[in-house]
Amino acid sequence: MSTPTSPQPFEPSPLSRGSIWRKWDLQGCTNHYCNYGGLNLQPAQLELLATLTGLAKDQINSDHRTVSDDEFARLYVEYLAHCTDLAVVAITNHNTGRGIQAIMDFLHTKAREDANPRYRELHIFPGVEIGVSDKCHILIVFNPSTKNTNKYQYDQNGQVTRELNWDEYVERFLDAIGVPPQRFDRGKPASSTTLSTCQILELHEDWEFLPVFPHIDQGDGWYKELPENLRKESFRHPVFGIVDVKTVGGNTDLGRILAGQKGEYGSKVCAQVETSDAHSIGQIGSRFTWIKADTTFAGLRQILFEPTERVHVGDSPLALKRPHEVIKSVRVTSAPDWFEPVEIPLNSDLVAVIGGRGSGKSALVEVIALAAGSERFNQSDYTKESFLAKACKKTPGNPNPLIGSKVELVWQSGDVDPVEVLYPLRQPRSPEKAKYLPQKFVERLCDPENPTEIQHEMERVIFQRLDPKDRQGASSFQELRQIITQKINLKEKKLRQSIQLLNQRIAEARIRIATQSEKQAELERKPLELKRLDESKPDLPPESQADVAELDRLRSVRNQIEQQVSSRHEQLSALEALATRIDLFAEDVEAYNADVSLQLEALGLGEQAESFRVQMPPSAKAILKTRSASLRDEISWLELGQADQAISSLASLDAQLDTVSNRLQLSQTKRAAFEKYQTERQTVGNTITSLQQEIKEIAEVVQPRLATDTADRLERYLDVFDVLQEERQTLEGLYTPLRAVLQAGSDVDKKLTFASRINADLTKQNQQGLSELLDRTRRGRYREEAALGNALKEFFRRIEESEFRRDEARAIASDLYQSFLSDAEGNPLRITEQLRKGKVERDFDDWFFSTELYSVSYSIKFDNKDLELLSPGQKGIVLLLLYLEIEQEDSRPLIIDQPEENLDNISIYDNLIQYFRKRKRSRQIITITHNPNLVVNTDAEQVIVADFDGTRSPRIEYRSGALENTVMPDGSLGIRHDVCRILEGGAEAFRRREQKYSLPPI
């Protein structure tokens, strides 16, 4: 029998990568197993083991019945170390523990004396397989480091005399549970314990073991052997949770039980493992389980808390991270005052860096972020107060600053990034290989005074969520928004131009209509003026009456021809205006053709540009030119006449008038009086004709057109809302992929929503109306400062509630406009009566129908609150929701400095733990935290403990390990103790987690 010892697992340094995937086999055997079958190795392995063990080859290839326990221990350890890649083997022979201590002693010696790390990576767990009174078999896996009272021999005074070795301990356990002395009969396990399954489970604290249920679906297994009531009772026991499922096969009922999906059994999920059930050394590891845990009893216990995340059966665990995006280790050299030049290994999943204030936590993550090329070091706002910035400055307390030190970042792919620490801390590397969120950056994003920062971060992630084919070549959210709203913006611009043109036409029409009553009054006065002129007509001699009549006739004809000339001149002016408009339009057409040509070129359709080219009608200008020439000819004919023209011209009429006038036999005085009379009468007659034509045009053309234009303007105004609705729907489409993800997520995911809306800058419109347009000293219902603002708000509230439906919006807009046409008492009021000096009704129309005040905005909401209205704590939740849950495209390492700083403990526990647990599967996360829940309940795979002492060199030291680590290599208290010691509430976090699983604390 070997000397009893209690070996501790060896590690090369206090720096461990923590919980990593390793192969475990929880059902190994020794040559004392009743059905042991020996070895029959191939020559290469046989030669190797003969060299390593010093045993003869025929001893190795045998049933090992004749070898000693020490010889078998050498063979056992060397075989596992060199012929398998197992990390943990539990020796669980039926009804015996013989040979276990010798194997553990030899492994302990090799780990201490041999430089080959394989001996330090291999761990043996003592155990035993038993049958219980209800015929179920159980593998009992003991804590190899146990110090429970059953491990010691006592004298009659109760004093410890010695520690039992493992062979003895197993025997004592078998005696204690009532296994009869005759443990075997003809090479078979002869006896079972007198205790039931549940009674055995109750002993797990006293004997410090974990039960594993093998061949669970076979005749001696838990599912088929135990009656339903005993099965449920044992299943509900806190320590029941590790089952060997290699024989489960297609048993869907058992599968539902183990997955926590069968109601009467509860929601417990079991850790489903595979074991080799080895009958010889050579079969150990033929079946195995990947377990992500420390290679300790506490590590095995951890899978009760994490039965799915920490356990995998198959060739290899699912790898969702790419090697070039996982940091394997970091080393800082040439900084003896600050850092020890050792490699600090980093876990590929969740790394929690803890320590007291000023302990060196930020120092570690900053050198990692610097070496990874983080953009934050190009932003002085975030770095001027950083550890590196301070450590780089030479001071009396820092005579050897970090300037010139070297940081070496090693990636899982084998790539190495060496960086020299320079000051200022600007790194030209691009692209950055890790996402770094320093505390200052997080605080700034959560600061109520920076409402747009977190919005921009959300937009960036929303853009990443879009399928690349939907990004339309854009490189950012804002650029994509400009692209997809381009045609909508063109529609809005066209509508605004149409409204401006209609405002101009309406203003001109109002001016003409405003003169109608005056013109009508003048028209009514003119006949009286004619009558008075006729009454004062100069007396003429009888012989002149015929000439006078002829003069009247000639003047009448001349007046008609003058009107024809004037009409043609008017047409010429209109033709010139039209020609100018066509020239301007032609320039627009050319600009359009050039723009389209460029777009077609970008789309690969450059050779088709001619098919899209818009051309002015080639005959248009010729038609206008011909018509202009024709009008000028007609004017010439009407003014000068033609040789062969029978029609009178102005020139011929003037000659006839002179002839007839010269024939008049009148004195000079009478002639002057008569000519004055004739001129005045002709002027009045012309005025009457013009007034009649003007009044008729106002009544028949201008007023109907005003009504049409006024109605059309309102429709164009409403068209703007339709276009804005189109823009809104377009923007909503950008959020569709992310919205689908959030709606399929947790309750917290669903709290994050997106809403677009049509906004109106009513404050600006109100200010413009009061300060630039309306005279509040004059009549009107909007003299009070708040009155106009309230009316505008009520207008938009109503129109928004109507969802901009045209019929309702038309009535609402009309109501607001009509409110300006009467005072508070309902008395009629003109717009012009309310305006400031120098302002006209056109100014009012431009203000009232301004559509530039409207825009489409979108808001990101959390729990029905806009981002800018959230508390810093709620923004912190959104921020971590963003980086941990939503930002799935970015798989670079995520480094966060104190993400919980703005969050209360309830928010962390309820909202964020699940995101850390989920995201670490696909993205390496390194976080500094003071919150125990972000360490314990996120199940951090590695905890790095920082320690600063200004009196030593180096000042900062680190140690690391798995969360379940309870003892360090030097025998000191482990990582679990550090979490409880450093983090306020750490012990409570462990208690809370273990209470959840009804497990006693370690």
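What follows is a quick chat about confidence, sheets, helices and aromatic pairs.

Q: First off, what kind of model is this, and what pLDDT does the chain average?
A: It is a predicted model. The chain averages a pLDDT of 87. Of the residues, 93% score at least 70.

Q: Where is confidence lowest, and where is it highest?
A: It is lowest in helix H14, residues 380–383, with a mean of 61. It is highest in E2, at 98.

Q: And residues 1–12?
A: There pLDDT stays under 50. The model has 31 contacts beyond four places in sequence for residues 1–12.

Q: OK, sheets. What's the strand order in the open sheet of 7 strands?
A: The order is E9-E4-E3-E2-E1-E12-E13, and the pairing is mixed. Strand E9 (209–212) and strand E13 (311–312) are the edges, each pairing on one side only.

Q: How do E1 and E12 run, parallel or antiparallel?
A: Antiparallel. Strand E1 (residues 20–28) and strand E12 (residues 289–293) are joined by 5 bridges. Isoleucine 20 has alanine 293 in E12 as its bridge partner.

Q: Which strands does helix H4 lie across?
A: Helix H4, residues 100–113, lies across strand E2 (88–91) and strand E3 (123–131). H4 runs at about 170° to E3.

Q: What about helix H6?
A: Helix H6, residues 166–176, lies across E3, strand E4 (137–142) and E9. Its angle to E3 is about 25°.

Q: Switching to strand E16. How many of its residues are buried?
A: 5 of its 5 residues, 350–354. Both faces are covered. Leu350, Ala352 and Ile354 sit on one side, with Val351 and Val353 on the other.

Q: Which strands does E16 pair with?
A: Strand E24 (residues 925–928) is one partner, in the parallel sense over 4 bridges. Strand E25 (residues 942–948) also pairs with E16 in the parallel sense, over 4 bridges. Alanine 352 has threonine 927 in E24 as its bridge partner. Valine 351 has glutamine 942 in E25.

Q: Now helix H21. How many residues does it have, and how far does it reach?
A: Helix H21, residues 545–602, has 58 residues. From first C-alpha to last it reaches 86 Å, close to the 86 Å expected at 1.5 Å a residue.

Q: Which glycine follows H21?
A: Glycine 604, whose phi is positive, near 80°.

Q: Aromatics next. How many pairs?
A: The structure holds 38 aromatic pairs. One of them is tryptophan 222 with phenylalanine 240, a tilted pair at 5.0 Å centre to centre and 45° between the planes.

Q: What does that pair tie together?
A: Tryptophan 222 is in helix H9 (residues 222–225), and phenylalanine 240 is in the loop between helix H10 (228–235) and strand E10 (242–244), so the pair ties together parts 18 residues apart in sequence. Tryptophan 222 and phenylalanine 240 are buried.

Q: Why is the pair of phenylalanine 820 and tryptophan 847 classed as it is?
A: Their planes are at 85° and the ring centres are 5.9 Å apart, so the pair is edge-to-face. Phenylalanine 820 lies in the loop between helix H29 (806–818) and helix H30 (841–848). Tryptophan 847 is in helix H30, 27 residues apart from phenylalanine 820.

Q: Buried or exposed?
A: Both phenylalanine 820 and tryptophan 847 are buried. They also belong to one aromatic cluster, whose members include Tyr717, Phe721, Tyr782 and Tyr854.

Definitions and conventions. Residues are numbered from 1 along each chain as its sequence is written. This is a predicted model: local features need pLDDT of at least 70, side-chain atom pairs count only at pLDDT 80 or more; totals for chains, interfaces and linings use all residues. Side-chain values use heavy atoms; hydrogens and water are left out. Two strands pair if DSSP finds at least two bridges between them. Helices (H or I, at least four residues) and strands (E, at least two) are DSSP runs, numbered from the N terminus. Contact means heavy atoms within 4.5 Å. Axes are lines fitted to C-alpha atoms, for helices over the stretch in contact, and angles run from 0 to 180 degrees between N-to-C directions. The expected span of a helix is 1.5 Å times one less than its number of residues. pLDDT is the predictor's confidence in each residue, from 0 to 100. Buried means under 20% relative accessible area, exposed over 50%, partly exposed in between (1.4 Å probe, protein chains only). Rings of Phe, Tyr and Trp (its six-membered ring) pair if their centres lie within 6.5 Å; planes under 30 degrees apart count as stacked, over 60 as edge-to-face and the rest as tilted.
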